[in-house]
Amino acid sequence: MDPRCEDCMSRLPGELWDMDPRCEDCMSRLPGELWDMDPRCEDWMSRLPGELWDVPLTDLAIPGSHDAMSYCLDVGSPLVPSESDAFRLLDRLFSCVTRPVIFKWATTQDKSIEEQLSMGIRFFDLRVAHRPNDPSSDLYFTHVIFTQAAVLETLSSVAVWLKSHPKEILILACSHFEGIGDELHQSFILSLKKLFGSKLCPKKEAVLTLRSLWTSGYQVLLSYDSQTAARHADLWPPIPYWWANQRTAQGVTSYLDWNKDLGRPEGFFVSGLNLTADRFFIAENPKQSLRTLTVGNWGGLRTWLEEQEPGSGPQSLNIVAGDFVGPLPLCSVVIALNRKLLRRNYTYKIRDEEEMERSQTDAE
């Protein structure tokens, strides 16, 4: 909720009308649904309670976008090189059939990257590649096929957005890199450094919190899934992504629970709420699409998500990425999980004060 929003405040239960938004006890008593009343998540990091500014980013709940750039797929572009020869032959012979199907099932987002930023997305899954037989050094995003938008053009718009949102922190995860050799890697990395400049947070930073990043002026953590990254202090290693490869909410959440039982990884990691349909299911369900499948399973995914907790515990979540983050309220649900950290901090503080009082009583 936004205490500056009259509509939000008018919908509070009567006993909370006199609440102080700076009071941990008041905030911990807010009903869960009131944490996502305000649709404006554009500056949610800077608006978190001050008690969370010193919590490591790896302990916060952060909304992410799976295959963030698939909203602008170029249906006439070639298949990525990693697709099988059999599928490549099928696509060449029956493109009038395969291309509409590819578009329906490879499109995971329907909002531009600027819109996703303003909705509150702070982790972006970016799959980068070079088009086959393209004499230029231009790079594009991919998901089965290539996007219309070029990589550097898109990331330039991200850099512009950051200038007007100086307290928002982004995690950009670049991966796949099909068709990119060492020379093109080096050229791309140089362009990234020039684009983001002093906003790039070096991996030598030990514990990252909102306060420490604001103080240093860092806004971008750039994960680069290539051995080339080891030579650059500005680039972070790949971030583990828990991908269930399941087409139902039950299948996805069971897989995520299984991973949670094994314990969370060190540092950042992503829990993928994205569904995956195999080609047999796609062939047997011609009226379905990834969007209809995702929307139809959202209720089960949301129920599971609302039961999760961020933090440093072995079963805590960190980044949660999903599909169609525009029509589905992934951002507000994930951001609201951080209230559990606030409530826990308040509980710990009361417990510490009680223990201190007992110690003083015993000493007397």
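**A first look around**

Guide: Welcome! This is a predicted model, and we can begin with Asn133, which is found in the loop between E2 and E3.

Visitor: Is Asn133 buried or exposed?
Guide: Asn133 is not a glycine, although it has a positive phi of about 65°. Exposed means over 50% relative accessible area. Asn133 has 81%, so it is exposed.

Visitor: And Phe324, is it buried or exposed?
Guide: Phe324 sits in the loop between strand E10 (319–322) and helix H12 (330–336), and its phi is positive too, near 50°. A residue counts as buried under 20% relative accessible area. At 2%, Phe324 is therefore buried.

Visitor: How many disulfides does a search of the whole structure find?
Guide: Take Cys331, which is buried at 4% relative accessibility. Its closest cysteine sulfur, in Cys41, is 6.1 Å away, so that is too far for a bond; a disulfide needs the two sulfur atoms within 2.5 Å. For the whole structure, the number of disulfides found is 0.

Visitor: Which element gives the most to the lining of the largest pocket?
Guide: This pocket holds about 1,200 Å³ of space and is lined by 45 residues, with Trp105 and His143 among those nearest its centre. Several elements each supply at least two lining residues, including strand E5 (170–178) and helix H4 (95–106). With 7 residues, the top contributor is H4.

Visitor: How many residues in that lining of the largest pocket are nonpolar?
Guide: The lining of the largest pocket can be sorted by class. There are 9 charged and 13 polar residues, and the nonpolar ones number 23.

Note on methods:
Residues are numbered from 1 along each chain as its sequence is written. This is a predicted model: local features need pLDDT of at least 70, side-chain atom pairs count only at pLDDT 80 or more; totals for chains, interfaces and linings use all residues. Side-chain values use heavy atoms; hydrogens and water are left out. Buried means under 20% relative accessible area, exposed over 50%, partly exposed in between (1.4 Å probe, protein chains only). On a 1 Å grid over the protein atoms alone, a cavity is a set of points where a 1.4 Å probe fits but cannot get out, and a pocket is an open set with protein on both sides within 12 Å along at least five of seven lines; lining residues have an atom within 4 Å of a point. Grid points are joined across faces, edges and corners, and a volume is the space filled by probe spheres set on the points. Helices (H or I, at least four residues) and strands (E, at least two) are DSSP runs, numbered from the N terminus. Ala, Val, Leu, Ile, Met, Phe, Trp, Tyr, Cys and Pro count as nonpolar, Asp, Glu, Lys and Arg as charged, and the others, Gly among them, as polar.
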